[in-house]
Amino acid sequence: MSATTTITAPPRITADNVASLFPDVDTSLAREVFPAAGGNPSVQEGGELAGYDEEQVRLMEEVCIVLDDDDKPIGSASKKTCHLMTNIDKGLLHRAFSVFLFDSKNRLLLQQRASEKITFPDMWTNTCCSHPLGVPGETGAQLDAAVLGVKRAAQRKLEQELGIKPEQVPLDKFEYFTRIHYKAPSDGKWGEHEIDYILFIQADVDLNENPNEVRDTRYVSADELKVMFEQPGLKFTPWFKLICNSMLFEWWSHLGTAALDKYKGETEIRRM
């Protein structure tokens with residue numbers, strides 16, 4: 001008789017249980033957004049970051065927005081805490097964004113992540129992908145406020161990673177399309193579990209890449225990107241491949257036309 005294996009799914013993460021399940025999560029952010037939520041202090045960082053680039057280790061101290069499955073903020077935790085697979089496998093979820101910047105020729109700006117990156121180093125991806133922080137101006141419980149928060153975060157990170165000045169990417173030029181909920185391991189120790197806001201912006205910009213963040217950049221047409229996907233020596237981030245395979249090329253084909261409008265502003269979360 002064959003043995004039967006029972007797989008127990010992690011519990012649904014809520015404002016009521018997040019602090020007990022993840023002691024590193026600080027629910028003071030949730031108290032600001034939802035005053036009824038409880039609180040728990042964060043704890044000191046452990047030794048998981050030994051041997052990594054000093055600047056990237058410092059950035060792992062940034063505070064991400066911890067979410068329930070419906071994209072409601074229920075706390076905050078360090079970037080390190082949110083990206084450890086031991087926490088991800090127990091259901092810890094945070095908010096993120098992915099920017100797709102197109103120039104006036106409808107070419108998409110790609111970046112290759114720096115070798116110094118702790119998660120997904122040396123992989124090609126969309127223009128900029130990062131996290132709104134648990135700070136005033138970048139949080140939000142309702143969709144409109146959350147979208148504004150990720151736009152502010154996107155503007156901040158485009159400058160920090162690629163040297164793009166905020167005046168070249170004004171907030172009102174970003175277009176919100178949808179959110180995707182996905183999970184992806186990086187190397188067994190680190191990974192992603194995010195609700196990722198997808199933003200488009202079309203602008204001709206000046207680049208001054210931060211070598212600690214970006215190894216290379218490239219503008220591509222849709223056909224050129226498809227050719228890149230066929231090149232065995234190139235690796236791509238999992239969220240970028242998910243977005244490309246499910247929706248990007250269809251949206252891209254309508255860039256600069258009124259037909260693109262029907263894809264904008266989705267309220268439902270796409271579960272990938």
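Residue numbers start at 1 along each chain as its sequence is written, and side-chain values use heavy atoms, with hydrogens and water left out. Because the model is predicted, local features need pLDDT of at least 70 and side-chain atom pairs count only at pLDDT 80 or more, while totals for chains, interfaces and linings use all residues.

**View 1. Arg12 pairs up with Asp69.** Here's one of the 15 salt bridges in the structure, a salt bridge being a side-chain nitrogen of Lys or Arg within 4 Å of a carboxyl oxygen of Asp or Glu. The N to O distance for Arg12 and Asp69 is 3.6 Å. The two partners come from distant parts of the chain, 57 residues apart: Arg12 sits in the segment before α1 (18–21), and Asp69 in the loop between β1 (63–67) and β2 (73–78). Helices (H or I, at least four residues) and strands (E, at least two) are DSSP runs, numbered from the N terminus. Asp70 joins in too, giving a salt-bridge network of Arg12, Asp69 and Asp70. Arg12 is partly exposed at 46% relative accessibility, and Asp69 is partly exposed at 24%. For these labels, buried means under 20% relative accessible area, exposed over 50%, and partly exposed in between (1.4 Å probe, protein chains only).

View 2. An α-helix has 3.6 residues a turn, so residues three or four places apart point the same way. Both are partly exposed: Glu55 has 29% relative accessibility, and Arg58 has 46%.

**View 3. Glu138 bridges to Arg156.** The closest N and O atoms are 2.8 Å apart. Glu138 lies in the loop between β6 (128–130) and α6 (143–162), and Arg156 in α6 itself, so this pair ties together parts 18 residues apart in sequence. Glu138 is buried at 7% relative accessible area, whereas Arg156 is partly exposed at 27%.

**View 4. A look along helix α6 and its buried residues.** From first C-alpha to last, the 20 residues of α6 reach 27 Å, close to the expected 28 Å (1.5 Å times one less than the number of residues). Buried residues here include Ala146, Val150, Ala153, Leu158 and Leu162. Among the elements covering the buried residues of α6 are β3 (94–102), β4 (108–113) and β9 (214–220). Just past the end of α6, Gly163 has a positive phi of about 70°.

Note on methods
Contact = heavy atoms within 4.5 Å.
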